[in-house]
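This report concerns the salt bridges, nonpolar cores and surface of one protein model. Please consult the sequence and the structure below while reading.

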Amino acid sequence: MGKRDGQRGMAVEGAWTRRFVRALPVLMIVAGAVVDLLTAPNVSAIPLFAAAPLIAAPFFSLSRTLRTAGAALLVVLAIRVAHGSIGRMAPLTELLTLVTVSALALVINGVVRRGNEQLASARVIAETAMRAVLPTPDDRIGGLLVAARYEAAQADEFVGGDLFAIVDTPHGVRLVVGDVRGKGLDAVGAVAVVIGAFREAAEQESSLEGVAQRLERALAREGVRRGGLDAVEGFVTAVLAEIPTGSDVLRVVNRGHPEPILLHADGGLQVLVPSMPAMPIGMGLEVWPDRSDEWVMPAGATLLVFTDGLSEARDARGVFYDPAERLHGRTFPGPEELLSALVDDVRTHTGGRSTDDMALLAVERPGGERAGRGRR
């Protein structure tokens with residue numbers, strides 16, 4: 001709770017900061033007018049008027065920066081006309097100074113916009129690469145209904161390292177949902193390493209714990225190859241799950257990741273809290289013994305696994321999105337409808353400005369009414 005409270009406080013503080021910055025150019029113009037009207041004629045408030053377009057330049061659009069500069073000029077002209085001093089040398093010098101500063105503000109605005117366009121281009125490249133290594137899975141795998149989503153953040157410059165994969169193996173359907181520390185193309189490269197290792201290990205390893213250890217070793221090898229773990233973004237939080245064919249067993253290994261949710265047909269749900277906390281993959285703790293938990297996943301139940309882009313999405317007040325609370329008591333025709341409802345609900349919660357990417361994977365065991373539920 002301490003971490004979330006701190007993040008909530010920072011989010012609220014950030015919202016107030018953005019509002020203050022948006023209002024600051026207007027406040028500068030108002031302050032300049034007040035100083036000019038209430039002080040002696042030899043006292044100039046032109047620095048306050050000049051500050052308005054300079055403040056607007058890096059934060060606002062070209063048109064808004066231009067309007068700010070125009071408003072400052074009009075107010076200065078109106079005050080000088082009211083004072084009857086428009087034709088004197090000092091007021092003309094002040095106006096020339098303000099025009100020069102406004103032109104400089106427009107140049108600054110153009111430089112900032114070009115920089116933002118370059119960042120947007122880099123983001124598109126990274127996001128395209130991410131989608132290439134995260135192909136959408138089939139809607140039916142090993143007799144299970146499957147839906148997956150990767151939603152890029154709207155309020156960040158770089159794509160994150162969220163990942164998912166699901167395969168049908170001799171041991172049943174196995175899946176992984178994870179989150180690589182870091183952003184950008186380095187994170188995409190680490191995602192490719194994790195997914196490649198998972199697909200191979202899921203086929204070959206007889207246990208889910210063995211799959212987790214293979215991922216650990218794959219990250220360690222890649223870190224050595226690239227000259228250190230930081231080259232592959234250090235570590236990955238992940239949930240690995242196994243759903244054996246023809247059984248109601250669900251096995252889960254959680255390596256420092258948000259807890260999955262098991263939804264039942266009657267609207268009830270379970271948050272799958274691991275019996276023993278474990279460290280993320282890639283933290284150099286290969287000797288840590290993995291332990292899978294077993295749960296009952298009867299026909300009709302849906303496993304929802306997600307990254308913290310969902311559980312840490314915040315509204316304007318800094319309140320976190322709570323998927324368990326939002327989903328309790330609700331039912332959905334299938335996993336695709338579940339994910340669509342979640343994505344829409346998160347957008348409503350955040351006002352359309354999410355700050356982190358999120359990966360979502362929903363797997364339903366088709367069938368009739370649920371029977372037993374709980375940990376085995």
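The sections below cover the basis of the model, its cores, its salt bridges and a surface patch.

## Basis of the model

This is a predicted model, in which local features need pLDDT of at least 70 and side-chain atom pairs count only at pLDDT 80 or more, while totals for chains, interfaces and linings use all residues. Residues are numbered from 1 along each chain as its sequence is written, and side-chain values use heavy atoms, with hydrogens and water left out.

## Nonpolar cores

The largest nonpolar core comprises 52 residues, and those with the most contacts inside it are L163, F198, L240, L250 and L303. Helix α5 (residues 185-204) supplies the largest share of this core, nine residues. A second, separate core has 19 residues, among them I261, L327, L338 and L360. A nonpolar core is here a set of buried Ala, Val, Leu, Ile, Met, Phe, Trp, Tyr and Cys residues joined through side-chain atoms within 4.5 Å. Buried denotes under 20% relative accessible area, exposed over 50%, and partly exposed in between (1.4 Å probe, protein chains only).

Leaving aside residues up to four places away in sequence, L303 touches several residues, including L175, A241, L250, P260 and M297; contact means heavy atoms within 4.5 Å.

## Salt bridges

A search of the whole structure finds 13 salt bridges, each a side-chain nitrogen of Lys or Arg within 4 Å of a carboxyl oxygen of Asp or Glu. In one of them, R174 pairs with E242, with the closest N and O atoms 2.7 Å apart. R174 belongs to strand β4 (residues 172-183) and E242 to strand β5 (residues 236-243), so the pair ties together parts that are 68 residues apart in sequence. Both R174 and E242 are buried. Helices (H or I, at least four residues) and strands (E, at least two) are DSSP runs, numbered from the N terminus.

R255 and D290 also form a salt bridge (3.1 Å, N to O). R255 is in strand β6 and D290 in the loop between β8 (269-271) and β9, 35 residues apart. R255 and D290 are both buried. Elsewhere, salt bridges that share partners join R149, E151, E336, D344 and R347 into one network.

## Surface patch

V26 is located in helix α1 (residues 2-38) and counts as exposed because its relative accessibility is 53%.
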